[in-house]
Amino acid sequence: MASQDRSKFLPHADPAAFPDSSYVLGDLLAERFTCRAYRPEPVEEAVIGRMLELAQMSASWCNTQPWNVIVTQGEATERFRAALFAEASSDGHEGQPGIDYPRSFPGVHGERRREVGWQLYDSVGVRKGDRAASREQALENFRLFGAPHVALICCERELGAYGAIDCGVYLGTLLLAAQSLGLGMTPQAALAEHSALIRRHFAVPDNLMFVVGASFGHADQDHAANSFRSRRAPVGENARLVKA
Ligand SMILES: Cc1cc2nc3c(=O)[nH]c(=O)nc-3n(C[C@H](O)[C@H](O)[C@H](O)COP(=O)(O)O)c2cc1C
(Lines give C-alpha, C1' and ligand atoms only; values in the text may rest on other atoms or scores of the structure.)
Protein backbone atom coordinates (compact mmCIF):
# COMPACT_ATOMS: atom_id res chain seq x y z
CA MET A 1 0.00 0.00 0.00
CA ALA A 2 1.39 3.42 -0.93
CA SER A 3 2.09 5.74 1.98
CA GLN A 4 -0.36 8.32 0.57
CA ASP A 5 -3.18 5.78 0.85
CA ARG A 6 -2.28 4.88 4.42
CA SER A 7 -2.80 8.46 5.60
CA LYS A 8 -6.48 8.11 4.62
CA PHE A 9 -6.97 5.77 7.59
CA LEU A 10 -7.09 8.87 9.78
CA PRO A 11 -9.54 11.74 9.32
CA HIS A 12 -8.26 15.00 7.88
CA ALA A 13 -7.98 17.97 10.22
CA ASP A 14 -10.39 20.88 9.95
CA PRO A 15 -8.24 23.78 11.23
CA ALA A 16 -11.25 25.65 12.65
CA ALA A 17 -12.21 22.73 14.86
CA PHE A 18 -9.34 22.83 17.37
CA PRO A 19 -8.56 25.04 20.38
CA ASP A 20 -5.77 27.61 20.10
CA SER A 21 -3.60 25.60 22.51
CA SER A 22 -3.21 22.88 19.87
CA TYR A 23 -1.68 25.50 17.56
CA VAL A 24 0.63 26.80 20.29
CA LEU A 25 1.88 23.23 20.76
CA GLY A 26 1.89 22.66 16.99
CA ASP A 27 4.13 25.70 16.47
CA LEU A 28 6.58 24.54 19.15
CA LEU A 29 6.72 21.06 17.62
CA ALA A 30 7.13 22.40 14.10
CA GLU A 31 9.89 24.84 15.07
CA ARG A 32 11.88 22.38 17.17
CA PHE A 33 14.74 20.53 15.55
CA THR A 34 17.81 18.76 16.87
CA CYS A 35 20.35 21.53 17.22
CA ARG A 36 23.90 20.48 16.31
CA ALA A 37 25.81 23.76 16.69
CA TYR A 38 25.63 26.36 19.46
CA ARG A 39 26.77 29.85 20.26
CA PRO A 40 29.05 29.93 23.31
CA GLU A 41 27.03 32.34 25.50
CA PRO A 42 25.60 30.63 28.58
CA VAL A 43 21.89 30.40 29.31
CA GLU A 44 20.79 32.45 32.34
CA GLU A 45 20.24 30.36 35.45
CA ALA A 46 16.64 31.60 35.77
CA VAL A 47 15.93 30.33 32.23
CA ILE A 48 17.47 26.94 33.03
CA GLY A 49 15.32 26.88 36.17
CA ARG A 50 12.16 27.61 34.18
CA MET A 51 13.02 24.89 31.66
CA LEU A 52 13.49 22.34 34.46
CA GLU A 53 10.29 23.49 36.17
CA LEU A 54 8.33 22.91 32.96
CA ALA A 55 9.89 19.49 32.36
CA GLN A 56 9.19 18.52 35.96
CA MET A 57 5.47 18.47 35.06
CA SER A 58 6.05 15.35 32.92
CA ALA A 59 3.84 12.35 33.50
CA SER A 60 5.36 9.16 34.90
CA TRP A 61 4.18 5.71 35.93
CA CYS A 62 2.45 5.99 39.35
CA ASN A 63 3.91 9.51 39.50
CA THR A 64 7.29 8.00 40.40
CA GLN A 65 9.12 10.90 38.67
CA PRO A 66 12.24 8.72 38.39
CA TRP A 67 14.42 11.17 36.40
CA ASN A 68 17.51 12.35 38.21
CA VAL A 69 19.10 15.14 36.22
CA ILE A 70 22.58 16.64 36.35
CA VAL A 71 22.84 20.00 34.56
CA THR A 72 26.21 21.60 33.89
CA GLN A 73 27.29 25.15 33.26
CA GLY A 74 30.55 27.08 32.93
CA GLU A 75 33.66 25.26 34.09
CA ALA A 76 31.63 22.11 34.84
CA THR A 77 30.62 21.83 31.18
CA GLU A 78 34.19 22.47 30.03
CA ARG A 79 35.71 19.85 32.33
CA PHE A 80 33.12 17.26 31.28
CA ARG A 81 33.52 18.11 27.57
CA ALA A 82 37.29 17.67 27.83
CA ALA A 83 37.03 14.31 29.63
CA LEU A 84 34.32 13.04 27.29
CA PHE A 85 36.14 14.03 24.12
CA ALA A 86 39.40 12.54 25.36
CA GLU A 87 37.69 9.18 25.97
CA ALA A 88 35.63 9.25 22.76
CA SER A 89 38.57 10.11 20.51
CA SER A 90 40.94 7.58 22.08
CA ASP A 91 41.54 4.35 20.16
CA GLY A 92 39.92 1.18 21.42
CA HIS A 93 37.26 2.71 23.68
CA GLU A 94 34.42 0.18 23.95
CA GLY A 95 31.25 1.89 25.13
CA GLN A 96 28.91 0.18 27.57
CA PRO A 97 25.50 1.89 27.59
CA GLY A 98 23.22 1.24 30.58
CA ILE A 99 20.46 0.29 28.13
CA ASP A 100 21.58 -1.86 25.16
CA TYR A 101 21.69 -0.01 21.85
CA PRO A 102 19.49 -1.49 19.07
CA ARG A 103 21.21 -4.52 17.48
CA SER A 104 19.85 -3.42 14.10
CA PHE A 105 17.41 -0.95 12.55
CA PRO A 106 15.16 -3.19 10.45
CA GLY A 107 13.26 -2.13 7.32
CA VAL A 108 11.87 1.36 7.22
CA HIS A 109 13.66 2.26 10.47
CA GLY A 110 17.02 1.72 8.82
CA GLU A 111 15.87 3.75 5.79
CA ARG A 112 14.78 6.67 7.98
CA ARG A 113 18.02 6.48 9.95
CA ARG A 114 20.10 6.58 6.76
CA GLU A 115 18.03 9.42 5.34
CA VAL A 116 18.50 11.71 8.34
CA GLY A 117 22.18 10.72 8.56
CA TRP A 118 22.71 11.81 4.96
CA GLN A 119 20.75 14.99 5.52
CA LEU A 120 23.22 15.85 8.27
CA TYR A 121 26.30 14.82 6.28
CA ASP A 122 25.11 16.68 3.16
CA SER A 123 24.47 19.81 5.21
CA VAL A 124 28.06 19.88 6.50
CA GLY A 125 29.65 18.70 3.24
CA VAL A 126 30.65 15.14 4.26
CA ARG A 127 30.77 13.05 1.09
CA LYS A 128 29.75 9.36 0.84
CA GLY A 129 32.68 7.12 1.71
CA ASP A 130 34.68 9.83 3.49
CA ARG A 131 35.10 7.94 6.74
CA ALA A 132 37.46 10.44 8.33
CA ALA A 133 35.01 13.30 7.79
CA SER A 134 31.99 11.29 8.99
CA ARG A 135 33.90 10.21 12.12
CA GLU A 136 34.83 13.85 12.75
CA GLN A 137 31.15 14.85 12.52
CA ALA A 138 30.11 11.96 14.79
CA LEU A 139 32.72 13.12 17.32
CA GLU A 140 30.83 16.43 17.57
CA ASN A 141 28.52 14.52 19.93
CA PHE A 142 31.42 14.35 22.37
CA ARG A 143 32.25 18.02 21.99
CA LEU A 144 28.58 18.51 22.97
CA PHE A 145 28.24 20.32 19.62
CA GLY A 146 29.81 23.35 21.31
CA ALA A 147 26.88 23.74 23.75
CA PRO A 148 27.51 25.64 27.00
CA HIS A 149 25.32 23.18 28.96
CA VAL A 150 24.37 19.53 29.08
CA ALA A 151 21.58 17.78 31.00
CA LEU A 152 22.40 14.17 31.92
CA ILE A 153 19.25 12.18 32.68
CA CYS A 154 19.68 9.20 35.01
CA CYS A 155 17.04 6.83 36.35
CA GLU A 156 16.59 4.58 39.37
CA ARG A 157 17.91 1.29 37.96
CA GLU A 158 15.33 -0.90 39.78
CA LEU A 159 12.51 0.69 37.80
CA GLY A 160 13.82 -0.99 34.64
CA ALA A 161 12.39 -0.28 31.21
CA TYR A 162 9.39 1.65 32.50
CA GLY A 163 11.62 4.02 34.47
CA ALA A 164 13.53 4.60 31.24
CA ILE A 165 10.24 5.24 29.42
CA ASP A 166 9.41 7.87 32.06
CA CYS A 167 12.81 9.45 31.39
CA GLY A 168 11.93 9.45 27.67
CA VAL A 169 8.68 11.26 28.45
CA TYR A 170 10.75 13.72 30.52
CA LEU A 171 13.19 14.20 27.64
CA GLY A 172 10.28 14.96 25.29
CA THR A 173 8.94 17.60 27.65
CA LEU A 174 12.42 19.02 28.17
CA LEU A 175 12.85 19.40 24.38
CA LEU A 176 9.59 21.35 24.16
CA ALA A 177 10.38 23.38 27.27
CA ALA A 178 13.72 24.39 25.73
CA GLN A 179 11.98 25.28 22.47
CA SER A 180 9.38 27.37 24.31
CA LEU A 181 12.24 29.37 25.86
CA GLY A 182 13.93 29.93 22.51
CA LEU A 183 16.76 27.48 23.24
CA GLY A 184 18.28 24.78 21.08
CA MET A 185 18.72 21.24 22.41
CA THR A 186 20.32 17.97 21.24
CA PRO A 187 18.96 14.71 22.64
CA GLN A 188 22.00 12.42 22.81
CA ALA A 189 21.86 8.66 23.26
CA ALA A 190 25.48 8.72 22.05
CA LEU A 191 26.53 9.85 25.52
CA ALA A 192 25.38 6.50 26.93
CA GLU A 193 28.54 4.91 25.46
CA HIS A 194 30.32 6.86 28.16
CA SER A 195 28.08 5.88 31.07
CA ALA A 196 31.07 4.75 33.16
CA LEU A 197 32.84 8.06 32.66
CA ILE A 198 29.65 9.97 33.53
CA ARG A 199 29.32 7.87 36.70
CA ARG A 200 32.91 8.59 37.76
CA HIS A 201 32.95 12.22 36.71
CA PHE A 202 29.73 13.22 38.49
CA ALA A 203 29.83 10.63 41.33
CA VAL A 204 26.54 9.10 40.18
CA PRO A 205 25.45 6.54 42.83
CA ASP A 206 25.17 2.86 41.85
CA ASN A 207 21.38 2.77 42.17
CA LEU A 208 21.11 5.18 39.22
CA MET A 209 21.59 4.31 35.56
CA PHE A 210 22.45 6.89 32.90
CA VAL A 211 19.70 6.95 30.26
CA VAL A 212 20.20 9.85 27.87
CA GLY A 213 21.75 13.31 27.67
CA ALA A 214 20.70 16.62 26.13
CA SER A 215 23.15 19.38 25.28
CA PHE A 216 21.53 22.80 25.15
CA GLY A 217 22.10 26.51 24.71
CA HIS A 218 21.50 29.21 22.12
CA ALA A 219 21.41 27.67 18.64
CA ASP A 220 23.92 28.90 16.08
CA GLN A 221 21.26 29.49 13.44
CA ASP A 222 23.82 30.18 10.70
CA HIS A 223 25.71 26.89 11.11
CA ALA A 224 25.32 24.42 8.23
CA ALA A 225 24.54 21.54 10.66
CA ASN A 226 21.37 23.41 11.68
CA SER A 227 20.23 24.06 8.13
CA PHE A 228 18.20 20.90 7.40
CA ARG A 229 14.95 19.53 8.83
CA SER A 230 14.16 15.85 9.24
CA ARG A 231 10.99 14.47 7.68
CA ARG A 232 8.07 12.62 9.22
CA ALA A 233 6.05 9.79 7.71
CA PRO A 234 2.33 10.38 7.19
CA VAL A 235 0.43 9.63 10.41
CA GLY A 236 -1.26 6.61 8.84
CA GLU A 237 2.10 4.83 8.55
CA ASN A 238 2.43 4.78 12.33
CA ALA A 239 -1.12 4.83 13.69
CA ARG A 240 -4.50 3.38 12.82
CA LEU A 241 -7.92 4.28 14.07
CA VAL A 242 -9.96 1.17 14.85
CA LYS A 243 -13.69 1.76 14.64
CA ALA A 244 -15.35 -1.62 14.90
C1 LIG B 1 16.37 9.33 22.48
C2 LIG B 1 17.06 10.13 21.39
C3 LIG B 1 18.42 9.99 21.24
C4 LIG B 1 19.11 10.72 20.26
N5 LIG B 1 20.48 10.64 20.18
C6 LIG B 1 21.14 11.45 19.32
C7 LIG B 1 22.57 11.47 19.34
O8 LIG B 1 23.22 10.77 20.11
N9 LIG B 1 23.19 12.32 18.49
C10 LIG B 1 22.49 13.14 17.63
O11 LIG B 1 23.12 13.90 16.88
N12 LIG B 1 21.13 13.12 17.60
C13 LIG B 1 20.45 12.31 18.43
N14 LIG B 1 19.08 12.33 18.46
C15 LIG B 1 18.36 13.22 17.55
C16 LIG B 1 17.65 12.47 16.44
O17 LIG B 1 18.57 12.11 15.44
C18 LIG B 1 16.54 13.38 15.88
O19 LIG B 1 15.58 13.60 16.89
C20 LIG B 1 15.83 12.79 14.68
O21 LIG B 1 16.72 12.62 13.61
C22 LIG B 1 14.67 13.68 14.24
O23 LIG B 1 15.14 14.97 13.93
P24 LIG B 1 14.67 16.28 14.70
O25 LIG B 1 14.90 16.07 16.17
O26 LIG B 1 15.55 17.37 14.13
O27 LIG B 1 13.21 16.47 14.40
C28 LIG B 1 18.38 11.58 19.40
C29 LIG B 1 17.00 11.70 19.56
C30 LIG B 1 16.35 11.00 20.54
C31 LIG B 1 14.86 11.19 20.72
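The model is predicted: local features need pLDDT of at least 70, side-chain atom pairs count only at pLDDT 80 or more, and totals for chains, interfaces and linings use all residues. Residues are numbered from 1 along each chain as its sequence is written.

The chain contains eight helices and four strands, taken as DSSP runs (helices: H or I, at least four residues; strands: E, at least two) and numbered from the N terminus. Their order from the N terminus is α-α-α-β-α-α-α-β-α-β-α-β. The chain is as compact as a globular protein of its length, because its radius of gyration of 19 Å is close to the 18 Å given by the globule rule for 244 residues; the radius is taken over C-alpha atoms, and the rule is 2.2 Å times the number of residues to the power 0.38. The C-alpha trace spans about 55 × 45 × 35 Å along its principal axes. Of the contacts between residues at least 6 apart in sequence, 86% join residues at least 24 apart, a contact being a pair whose C-beta atoms, placed from the backbone, lie within 7 Å.

Helix α7 (residues 160-180) has 21 residues and reaches 31 Å from its first C-alpha to its last, close to the expected 30 Å; the expected span is 1.5 Å times one less than the number of residues. Buried positions in α7 include Gly 163, Asp 166, Tyr 170, Leu 174 and Gln 179. The buried residues of α7 pack against α2, α3 (45-55), β1 (67-71), β2 (149-156), β3 and β4 (208-217). Just after α7, Gly 182 takes a positive phi of about 75°. In helix α2 (residues 20-31), the number of buried residues among the 12 is zero, so α2 lies largely in the open.

The ligand is surrounded by residues that include Phe 33, Arg 36, Asn 141 and Ser 230, each with its C-beta atom, placed from the backbone, within 6 Å of the ligand. Strand β3 (residues 184-188) gives the largest share of this shell, three residues. The shell divides into six nonpolar, five polar and one charged residue, where Ala, Val, Leu, Ile, Met, Phe, Trp, Tyr, Cys and Pro count as nonpolar, Asp, Glu, Lys and Arg as charged, and the others, Gly among them, as polar.

Key. Two residues are in contact if their C-beta atoms, placed from the backbone, lie within 7 Å. A residue is buried if 20 or more other C-beta atoms lie within 10 Å of its own, exposed if 12 or fewer, and partly exposed in between; C-beta atoms are placed from the backbone.
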